[in-house]
Amino acid sequence: MFEFCANPENLSEFSWLSCYLTTPKHMNLFYSVGTVLLLLLLTAPTALLFGFGGAVMARSKILLIRLIGNGYISIVRGVPDIAFFLFFVIAIDQFLEWTRHKIFCPEWSEPIRQGNDFVVCTIAKLPLNSSPQWIHEIYGFLLAVFTFAIVFGAFAANVLYGAMRAVPKAQIETAVSFGMTDRQVFRRILVPQMWIFALPGLGNLWMILIKATPLLFLLGVEDIVYWARELGGTKTAKFTSYPHGDWRVWYFLGLLVFYLAFTRISEAIIDTLMKTLSHGTDTLGGNLQRQVGR
Amino acid sequence: MKKLIIGAVIWGLTAGLSLADSHSVIRMGTEGAYPPWNFVDDNGEIAGFERELGDELCKRAELKCEWVKNDWDSIIPNLVSGNYDTIIAGMSITDARKEKIDFTTNYVMSDPSYYLAASEDADWKTGVIAAQSNTIQAAFIAETGATLVEFATPEETISAVRNGEADAVLADSSYLKPIEAEDPGLMFVGDKPIIGGGVGMGIRKSDADLRNKFTAAIDSMKGDGTLNALIKKYEISEQMF
């Protein structure tokens, strides 16, 4: 990156470090921070959507829909995240390829499962073998977002379901007595008022989601944990211009600080949001605000 | 003349077709954490003996290749499920692995494995020995009187010896030698067992075509001495073809 980095052997400590930390390999670590943030940015709204859908289904008057909603919530909540991640990503990948295989290569006569091998025709591959590596990486990333959203959606559904039930009965009854239909009550009263009850649970879920992002590593996405481990490992002079001992502890310390700072900032934002949403509601927080005259 | 042109066109079309319906791009799976075999260099690129070997093999087999990194533990499952088409990661040819995947002919002959320890009198026979999980060395120690501790990455096996968690680590000599050379606190002890049947590329059982292409390319590199030169350059093995 800097010109004086051409000869790393005869550098002072500080410039050595500045060269070391800006190698193209280290850039991968910094990019992977972006990967984690992007994952959170995409997963949070998707999971909320899944959660909302799940909660609405679990409240449905129709038995079948209610069963599906409750089934989704209880099954996903009951399975360990890691097991779900390992199973689901492979399963969905193979399901997609199998479907494409059936559509694109109907004349294919060989079985898809040959012993251990999972073989589909070339054009059914997802992504195609000929696609550049970054497409493969984006595909893996999107699978991860989807899996995260399903897992955290189930928890969000549980939170939202509880929040919908916590909206004061009097509010609903008043709305009905005003002649609102079920749909109007839902849209105008229930949903706007439930957020204050959902927020503590959703905030908690957000924190867990942040902490769960290293699971990406499990899915083969090269996230910050992968690069911290790879960069921190002992490097012998034979294979690098920047030899060093086992520095994993420093890299992991860096991760620790990163995650701590991130959750701390999130906490502050959630607190502010909580105050704003409490305003004028018949909740503990809302009544407190009223008493002190704000 | 006309016939010749038509013939050339037809040949061109069918050649293109046969290329398109087999593999247009071969994805080469490696671990990227096992110098000098394969590792990630300062530029973030996969480098090492197998990078250079693989690129040359692809050139000789007239294949377009792309490199993919994958954890050692899941490197076979991800091959059979089709995430990539070959494993080129210092993988020894063993009967247990042959039940799941096929191998090309070997491109490195089996070389002795070394015990690396933090003291001369380390108990390598019955002590605690570290090895990377799912390796021939791990399987070997399980058969001896020593206690096996397994780690997911080669790096962790060395750390285990450094911090005293294990008495010694058993691994390929090519991997241990540069580490021993730079750390005066580590030394080779005990036997130098020869394990495994050489190192080859792992290929799906359903992919005999690809296996034959790579075997032919490896044989051609054995024939003209370029493979030996590469083995010498990266100090991979003492045994030459």
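## A walk through chains B and A

In chain B, residues 24 or more positions apart account for 71% of the contacts with a separation of 6 or more; two residues are in contact if their C-beta atoms, placed from the backbone, lie within 7 Å. This is a predicted model, where local features need pLDDT of at least 70, side-chain atom pairs count only at pLDDT 80 or more, and totals for chains, interfaces and linings use all residues. Residues are numbered from 1 along each chain as its sequence is written, while chains are lettered from A and ligands numbered from 1 in the order in which they are written.

**Stop 1: all of chain B**

Select chain B. Its C-alpha trace spans about 80 × 35 × 30 Å along its principal axes. You'll find 9 helices and 13 strands here; these are DSSP runs numbered from the N terminus, helices being H or I with at least four residues and strands E with at least two. Of the 241 residues in chain B, 45% are buried. Buried means that 20 or more other C-beta atoms lie within 10 Å of a residue's own, exposed means 12 or fewer, and partly exposed is in between, with C-beta atoms placed from the backbone.

Now colour the two domains: domain 1 takes 26–109 + 197–233, and domain 2 takes 113–189. Those bounds come from an automatic or database domain assignment. The two centres, taken over C-alpha atoms, are 25 Å apart. Where the domains of chain B touch, 9 residues of domain 1 are in contact with 12 residues of domain 2. On the domain 1 side, that's 5 nonpolar, 3 polar and 1 charged. For this count, Ala, Val, Leu, Ile, Met, Phe, Trp, Tyr, Cys and Pro are nonpolar, Asp, Glu, Lys and Arg are charged, and the others, Gly among them, are polar.

**Stop 2: the sheet in chain B**

Next, pick out the open sheet of 5 strands in chain B, ordered β5-β1-β6-β13-β7 with mixed pairing. Two strands pair if DSSP finds at least two bridges between them. At the edges sit β5 (65–69) and β7 (102–103) of chain B, each pairing on one side only.

Zoom in on strand β1 of chain B, residues 26–30, where 5 of 5 residues are buried. Which residues lie on each face of β1(B)? B:I26, B:M28 and B:T30 are on one side, with B:R27 and B:G29 on the other, and both faces are covered.

Look to either neighbour of this strand. β1(B) pairs with β5(B) in the parallel sense over 5 bridges, and B:R27 stands opposite B:E66 in β5(B). β1(B) also pairs with β6(B), again in the parallel sense, over 2 bridges; here B:G29 has B:I87 as its bridge partner. Carry on from β6 (residues 86–87) to β13 (residues 202–203), both in chain B: 2 bridges join them, and the strands run antiparallel. Click B:T86 and you'll see its bridge partner in β13(B), B:I203.

**Stop 3: one alanine in chain B**

Select B:A138, which is found in helix α5 (residues 136–143) of chain B. Why does B:A138 count as buried? Because B:A138 has 20 C-beta neighbours inside 10 Å. Beyond its neighbours within four places in sequence, B:A138 is in contact with B:A131, B:Q132, B:S133, B:L148 and B:E150. Try the distance tool on B:A138 and B:A171: they are 33 residues apart in sequence, with C-alpha atoms 8.8 Å apart in space.

**Stop 4: where the chains meet**

Show both chains. The contact takes 30 residues from chain A and 30 residues from chain B. On the chain A side, α2 (24–58), α4 (81–104) and β2 (117–118) each supply at least two residues. The largest share of that side, 4 residues, comes from α2(A). The chain A side divides into 8 nonpolar, 16 polar and 6 charged residues.

**Stop 5**

Finish with α7 of chain A, residues 182–212. This helix has 31 residues, but its end C-alpha atoms are only 38 Å apart, short of the 45 Å that a straight helix would reach at 1.5 Å a residue; the expected span is 1.5 Å times one less than the number of residues. Where does α7(A) bend? Go to A:A198, where the bend is about 50°, and a proline, A:P200, follows within four residues. The bend is the angle between axes fitted to the seven residues ending there and the seven starting there. Buried residues of α7(A) include A:F197, A:A198 and A:W206, and their cover includes α2, α5 (133–166), α6 (169–177) and α9 (248–278) of chain A.

Last, select α9(A): its 31 residues reach 44 Å from first C-alpha to last, close to the 45 Å expected at 1.5 Å a residue. After α9(A) comes A:G280, with a positive phi near 75°.
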